[in-house]
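The sequence and the structure come first, and the account follows.

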Amino acid sequence: LFAVSITSHADEPTSKTLDDFDETQAAGTWMSVNDGVMGGLSRGGPKVSKQHNLVFKGDISVENNGGFSSIRTRGKTMDLSVYDGIEIKVKCDGRMYYLTTRSNGRRMLVYWSPIQPPKDEWVVIRVPFDSFYATCFGKKLPTLKLNTRKVTSIGLMLYDKKGGPFSIEAEYVGAYKSVKVD
């Protein structure tokens with residue numbers, strides 16, 4: 001979906017696993033936030049499957065001005081400044097989701113980048129950090145840039161305002177560094 005080519009130092013890893021959902025307590029590091037915080041009726045949340053994949057599924061309701069469901073990590077700050085972006089291996093229902101990040105502990109400031117994996121097919125998606133754009137309550141803030149030295153959260157959000165069931169499954173989430181091929 002996105003591509004970047006940047007030279008990497010040989011002694012630095014070209015990828016870093018942020019979560020592979022291999023431990024049962026991994027589900028506890030992910031939390032859900034649905035449109036109920038604003039009066040909506042959508043339901044959705046994370047769970048770790050028997051295959052050790054993160055499953056985010058639920059039902060979007062457009063009643064009461066609803067229309068979104070999200071999950072995100074919590075509890076630690078990561079310095080991802082030596083990497084170029086976020087990599088995620090997913091299979092989903094074909095709807096457009098947003099990969100989200102937060103930095104500097106600012107709860108209401110969220111950085112979004114749209115992803116739309118093909119339906120029912122495992123794919124690896126790489127999203128460069130510079131493709132994330134800042135939002136506050138869904139409104140774009142074009143002048144703010146993500147601080148990759150202090151990433152406090154990574155998440156997934158469905159915000160297409162279309163009612164009905166949804167499901168996306170992730171095998172892992174990581175940070176990647178592009179390697180220039182000569």
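In which sense do strand β4 and β13 pair, and over how many bridges? Strand β4 (residues 54–60) pairs with β13 in the antiparallel sense, over seven bridges. Strands are DSSP runs of E with at least two residues, helices are runs of H or I with at least four, and both are numbered from the N terminus. Two strands pair if DSSP finds at least two bridges between them.

The model is predicted, and local features need pLDDT of at least 70, side-chain atom pairs count only at pLDDT 80 or more, while totals for chains, interfaces and linings use all residues. Residues are numbered from 1 along each chain as its sequence is written, and side-chain values use heavy atoms, with hydrogens and water left out.

**Overall make-up**

The protein has zero helices and 13 strands. Of its 182 residues, 46% count as buried. Buried means under 20% relative accessible area, exposed means over 50%, and partly exposed lies in between (1.4 Å probe, protein chains only). Among the contacts in the protein with a separation of 6 or more, 76% are between residues 24 or more positions apart. A contact means heavy atoms within 4.5 Å.

Strand β13 covers residues 164–176 and is mostly covered, with ten of its 13 residues buried. Strands of a sheet pair through backbone hydrogen bonds, either parallel or antiparallel.

| Strand | Bridges to β13 | Sense |
|---|---|---|
| β4 (residues 54–60) | seven bridges | antiparallel |

Threonine 17 stands opposite glycine 174 in β13. Valine 55 has glutamate 169 of β13 as its bridge partner, and lysine 89 stands opposite tyrosine 172 in β13.

**The seven-stranded sheet**

An open sheet of seven strands has antiparallel pairing and the order β2-β5-β12-β7-β8-β10-β11. Its edge strands are β2 (30–34) and β11 (139–141), each of which pairs on one side only. From one strand to the next, the twist averages 35°; axes are lines fitted to C-alpha atoms, for helices over the stretch in contact, and angles run from 0 to 180 degrees between N-to-C directions.

Strand β10 (residues 133–136) runs antiparallel to β11 and is joined to it by three bridges. Cysteine 136 stands opposite lysine 139 in β11. In the loop between β10 and β11 is phenylalanine 137.

**The largest pocket**

The largest pocket holds about 600 Å³ of space. A pocket is found on a 1 Å grid over the protein atoms alone, as an open set of points where a 1.4 Å probe fits, with protein on both sides within 12 Å along at least five of seven lines; lining residues have an atom within 4 Å of a point. Grid points are joined across faces, edges and corners, and the volume is the space filled by probe spheres set on the points.

Of the 24 lining residues, Val33, Val37, Met38, Phe68 and Phe137 are the closest to the centre of the pocket. Two or more residues each come from β5 (69–73), β7 (97–103), β8 (109–115) and β10. The largest share, three residues, belongs to β5. The lining divides into twelve nonpolar, seven polar and five charged residues. Here Ala, Val, Leu, Ile, Met, Phe, Trp, Tyr, Cys and Pro count as nonpolar, Asp, Glu, Lys and Arg as charged, and the others, Gly among them, as polar.

**Selected residues**

Most residues other than glycine have a negative phi. Phenylalanine 137 has a positive phi near 55°, and is exposed at a relative accessible area of 57%. Phenylalanine 21, in the loop between β1 and β2, has a positive phi of about 60°, and is buried at 0% relative accessibility.

Isoleucine 115 is in strand β8 and is buried because its relative accessible area is 0%. Its C-alpha atom is 8.4 Å from that of valine 127, twelve residues apart along the chain.

Leucine 41 sits in the loop between β2 and β3 (43–48) and is partly exposed, at 42%. Leaving aside neighbours within four places in sequence, leucine 41 is in contact with Asp35, Ser61, Glu63 and Asn64. Leucine 41 and glycine 66, 25 residues apart in sequence, are 6.2 Å apart from C-alpha to C-alpha.
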